[in-house]
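Hi,

Here is the structure I said I'd send over. Have a look at it first, and then read on for what turned up.

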Amino acid sequence: MNVITLLRKFTAALILVVIASCSSSPESKLIGTWKVTDVQVDFDEQKTDPGTVNQVAEREKKTILKFTSDSTLTIIDNNNTHKALWKLAEDGKVTYSFEGDQRYNDLGVYEEGKITITSDTPLGEIITIFERSK
């Protein structure tokens, strides 16, 4: 094998390593479509009835999150579509910002292949768990 052939193979291998290392960034774990796998509604029973709890849970189950590699987040919620920019912090916190807004809002926490969103409402707490669609 001559030196040029060996150099080409080394360069090709190096390019593959660089591509693989870029695609395994923490952010790449979020890329894709995420759907609700579980909703836990913990409302004050004196302020609401079971029908409302079920209605809230069913509405939450319809939410879809789409993360793209250009940091765009599409949130599909109750037949409404919202576009935002997203970031993933080292501690797993996922934040988003709508166009024109410099402030980033908490979305949820990424951990062990799931995104958990906790929402505090006047009636109680809603915990929504998302997993990436396969």
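Starting with the surface: the chain exposes about 9400 Å² of accessible area, and carbon and sulfur atoms account for 53% of that. Keep in mind that this is a predicted model. Of the chain's 134 residues, 27% count as buried.

Now the fold. There are two helices and eight strands, and read from the N terminus the elements go α-β-α-β-β-β-β-β-β-β. The eight strands close into a barrel, in the order β1-β2-β3-β4-β5-β6-β7-β8, with antiparallel pairing. On average, neighbouring strands in this sheet are turned by 30° against each other, ignoring direction. Helix α2 packs on the sheet, where it touches β1 (32–43), β3 (72–77) and β8 (124–132). The direction of α2 makes about 165° with that of β1. As for contacts between residues at least 6 apart in sequence, 45% of them join residues at least 24 apart.

A bit more on α2, which covers residues 50–61. I checked its length: at 1.5 Å a residue, its 12 residues should span 16 Å, and the end C-alpha atoms are 17 Å apart, so the two agree. The N-terminal end of α2 is capped by Asp49, which has a side-chain oxygen 2.9 Å from the backbone nitrogen of Gly51.

Then there are two threonines to click on. Thr95 sits in strand β5 (residues 93–98). Is Thr95 buried or exposed? Its relative accessible area is 14%, and the cut-off for buried is under 20%, so Thr95 counts as buried. Leaving out residues up to four places away in sequence, Thr95 touches Leu85, Trp86, Lys87, Tyr104, Asn105, Asp106 and Leu107. Its strand, β5, runs antiparallel to β6 (residues 105–111), and four bridges join the two. One of the residues to look at there is Lys93, whose bridge partner in β6 is Val109.

The other one is Thr37, in strand β1. With a relative accessibility of 47%, Thr37 counts as partly exposed, because that class lies between the 20% and 50% cut-offs. Which distance separates the C-alpha atoms of Thr37 and Arg132? They are 95 residues apart along the chain, and the separation is 9.5 Å.

That's what I have for now.

Cheers

Notes: Residues are numbered from 1 along each chain as its sequence is written. This is a predicted model: local features need pLDDT of at least 70, side-chain atom pairs count only at pLDDT 80 or more; totals for chains, interfaces and linings use all residues. Side-chain values use heavy atoms; hydrogens and water are left out. Buried means under 20% relative accessible area, exposed over 50%, partly exposed in between (1.4 Å probe, protein chains only). Contact means heavy atoms within 4.5 Å. The expected span of a helix is 1.5 Å times one less than its number of residues. A polar contact is a pair of N or O atoms within 3.5 Å; within protein, one must be able to donate a hydrogen and the other to accept it, and residues adjacent in sequence count only if both atoms are side-chain atoms. Accessible areas come from the Shrake-Rupley method with a 1.4 Å probe; for residues, only the protein chains shown count as cover. Two strands pair if DSSP finds at least two bridges between them. Axes are lines fitted to C-alpha atoms, for helices over the stretch in contact, and angles run from 0 to 180 degrees between N-to-C directions.
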